Amino acid sequence: MSGSSASRRRGAAGREDAALRLDDQICAYCGRELEAEYFEFPPALQRKYGKTGEWYYHPCTSECEQKKERREWELMRRDARVASLKEKSGLTKRLKKYTLDNFNPHVSTNAGRARVKIDEYLAGWDDNREEGRGLYLCGDVGTGKTHLAVAVMTELIRRRRVPSLFVTVPEFLDNLRGAYNDPGRDIDEWMDAVKNADLLVLDDLGAEKPNAWVRERLFVVVNHRYREALPTIFTSNIGPKDLTEQLGDRTASRIIAMSEWVGLEGDDYRETAAREGR
Ligand SMILES: Nc1ncnc2c1ncn2[C@@H]1O[C@H](COP(=O)(O)OP(=O)(O)O)[C@@H](O)[C@H]1O
Ligand SMILES: [Mg+2]
Ligand SMILES: [Zn+2]
């Protein structure tokens, strides 16, 4: 504390009780205790805030101040980066609400197992990314496949700032088809984003009855991501056998090779929740 000026500002009454300083402020960069000064409020503010004044901490050396500013700037840039990644993620407002925290692992044995696998997947992200390993969330409608896929993606954006993209397969195919009628639309750019996203969620694979064209489009994406070792999270209501039947062996075998299987077969959460009045 810089004694003279502090006591000067403490005013004539000099009520030490109000000026009691509970915590010392330490410079986070050099560990030095920061100089503190007590500023007494004018009477009107004293009444408004219900206290006589406030401690003011002097900044540390200009070197530390610069470090602090740089750090704050980095944090701001990081937040901006996360926000911008979320913006480009393809997540709708509804999907953005799906988090790990609000996924209930107790609704079924498989939900609990899935949650454990998801945690392991996130913990092993560096290796998974390196090896292009993704997830295949498999189960009936309403078992939480989309919820978990989105939660993983959101966690990786937040924790690791992974450029991620969420695409539903039917929407993906519609977009490709639409492009044939609308030459102004940059289909190559869209396809490029899907093919090259650091993390891609392909939601509802196999929801659509595939014709040769659909199979080919999906093969192009899957094959590219397989070769480039880019992790993909698939959600689907079809198992490995039907996958081969629906998408063909070339695509199915690559999907199986590049993803860890997470079975979510169990009760429909929406029905269970309605039944139990959740
Ligand atoms: N275990 C769970 N905990 C909390 N909410 C869940 C769970 N499973 C599903 N839900 C919710 O139920 C709804 C349907 O889940 P969703 O992930 O869309 O199912 P799926 O993609 O398997 O059809 C969503 O609103 C989702 O948030
Ligand atoms: Mg779904
Ligand atoms: Zn310092």
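I call a residue buried if 20 or more other C-beta atoms, placed from the backbone, lie within 10 Å of its own, exposed if 12 or fewer, and partly exposed in between. This is a predicted model, where local features need pLDDT of at least 70, side-chain atom pairs count only at pLDDT 80 or more, and totals for chains, interfaces and linings use all residues. Residues are numbered from 1 along each chain as its sequence is written, while chains are lettered from A and ligands numbered from 1 in written order.

**Overview.** I found 12 helices and seven strands in the chain (DSSP runs numbered from the N terminus: H or I of at least four residues, E of at least two). Of the 278 residues, 25% count as buried.

**Helix 11.** I looked up which residues of helix 11 (residues 249-258) are buried, and got Thr-251, Ala-252, Ile-255 and Met-258. Down the helix axis they fall within an arc of 145 degrees (by directions from the axis to the C-beta atoms), so they line one face. Asp-249 and Ala-257 are exposed, on the face turned away from that buried side. Packed against the buried residues are strand 3 (134-138), helix 9 (212-227), strand 6 (232-236), helix 10 (240-247) and strand 7 (259-263) (contact: C-beta atoms, placed from the backbone, within 7 Å).

**Helices 4 and 6.** Next I checked helix 4 (residues 109-123) against helix 6 (residues 145-160): the angle is about 25 degrees, with the axes 11 Å apart (axes are fitted to C-alpha atoms over the stretch in contact; angles run from 0 to 180 degrees between N-to-C directions). That makes helix 4 roughly parallel to helix 6 (angles under 35 degrees). On helix 4, Ala-114, Ile-118, Tyr-121 and Leu-122 meet Leu-148, Val-152 and Glu-155 of helix 6.

How values were computed:
Parallel < 35°, antiparallel > 145°, perpendicular 65-115°, else oblique. Contact = placed C-beta atoms within 7 Å.
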